[in-house]
Amino acid sequence: MRKTSLALAALLCATPLLAAQPIEGRWITAEKDAVITIGECGSSTCGRITKFLVAPPQGLDQRDVNNADAKLRQRKLLGMPVLTGFSEDAELWRGQIYDPKSGKTYRSVIRRKDANRLEVKGCIGPFCQTQVWTRAR
């Protein structure tokens with residue numbers, strides 16, 4: 001009986017638990033227009049626009065003009081969080097994604113596809129749109 005217990009304990013210790021791969025780093029959006037830097041933000045993970053690869057219509061000083069909240073329309077896009085409140089959930093990361101082009105926030109799920117690709121989903125109810133972001137070099 002003791003050998004069985006030891007073997008079972010060894011097997012449990014050797015079996016990796018399902019855990020989400022880290023998503024921290026610099027990522028190029030699917031549209032290749034910006035770099036999003038993902039990292040810790042207090043007790044959760046977030047992502048901010050840290051570089052424009054294509055200048056927005058009003059230039060590098062572009063404001064969040066499409067935001068539904070009039071009080072937020074004067075904030076600059078550069079440095080603004082677009083991924084907020086992400087936390088690990090098994091092999092996924094769950095939180096919210098903000099689209100400055102529409103001014104809307106969506107439920108989001110992120111999964112690491114491999115070392116250089118993130119699958120980023122924005123969802124309304126059961127309907128999701130998926131993008132693949134690539135690691136910035």
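**Figure 1. Lys101 and Glu31 meet through their side chains in a salt bridge, at 2.6 Å from N to O.** The pair brings together distant parts of the chain: Lys101 sits in the loop between β5 (92-99) and β6 (104-114), while Glu31 sits in the loop between β1 (25-28) and β2, 70 residues apart. You are looking at a predicted model, in which local features need pLDDT of at least 70 and side-chain atom pairs count only at pLDDT 80 or more, while totals for chains, interfaces and linings use all residues. Residues are numbered from 1 along each chain as its sequence is written, and side-chain values use heavy atoms, with hydrogens and water left out. A salt bridge here is a side-chain nitrogen of Lys or Arg within 4 Å of a carboxyl oxygen of Asp or Glu. Strands are DSSP runs of E with at least two residues, numbered from the N terminus.

**Figure 2. Lys101 also reaches Asp33, in a salt bridge of 2.9 Å from N to O.** Lys101 counts as exposed because its relative accessibility is 52%, whereas Asp33 counts as buried because its relative accessible area is 16%. For these labels, buried means under 20% relative accessible area, exposed means over 50%, and partly exposed is in between (1.4 Å probe, protein chains only).

**Figure 3. Asp114 and Arg117 form a salt bridge too, at 2.9 Å from N to O.** Both ends fall into the middle class: Asp114 is partly exposed at 29% relative accessibility, and Arg117 is partly exposed at 35%. Back at Lys101, shared partners join Glu31, Asp33 and Lys101 into one salt-bridge network. The whole structure holds 9 salt bridges.

**Figure 4. The largest pocket holds about 740 Å³ of space.** Of its 32 lining residues, Glu31, Tyr98, Asp99, Pro100 and Lys101 are the closest to the centre. Strands β2, β3, β5, β7 (117-124) and β8 (127-135) each give at least two residues to this lining, with β7 supplying the largest share, 5 residues. By class, the lining counts 19 nonpolar, 6 polar and 7 charged residues. Ala, Val, Leu, Ile, Met, Phe, Trp, Tyr, Cys and Pro are taken as nonpolar, Asp, Glu, Lys and Arg as charged, and the others, Gly among them, as polar. A pocket is an open set of points on a 1 Å grid over the protein atoms alone, where a 1.4 Å probe fits and protein lies on both sides within 12 Å along at least five of seven lines; lining residues have an atom within 4 Å of a point. Grid points are joined across faces, edges and corners, and the volume is the space filled by probe spheres set on the points.

**Figure 5. In the barrel, 8 strands close up in the order β1-β2-β3-β4-β5-β6-β7-β8, with antiparallel pairing.** From one strand to the next, the twist averages 35°, using axes that are lines fitted to C-alpha atoms and angles that run from 0 to 180 degrees between N-to-C directions. β1 and β8 run antiparallel and are joined by 2 bridges; here Ile28 stands opposite Thr134 in β8. Two strands count as paired if DSSP finds at least two bridges between them.

**Figure 6. Strands β2 (residues 34-41) and β3 (residues 44-52) pair in the antiparallel sense over 8 bridges.** They form a hairpin with 2 residues between them, and Gly42 in the turn has a positive phi of about 70°. Cys41 stands opposite Ser44 in β3. β3 also pairs with β4 (residues 81-89), antiparallel over 3 bridges, and Thr45 has Phe86 as its bridge partner in β4.

**Figure 7. Lys32 and Ala90 have positive phi values, although neither is a glycine.** Lys32, with phi near 55°, is found in the loop between β1 and β2 and is exposed at 51% relative accessibility. Ala90, with phi near 60°, lies in the loop between β4 and β5 and is partly exposed at 37%. In general, most residues other than glycine have a negative phi.

Key:
Helix = DSSP H or I, 4+ residues; strand = E, 2+ residues; numbered from the N terminus.
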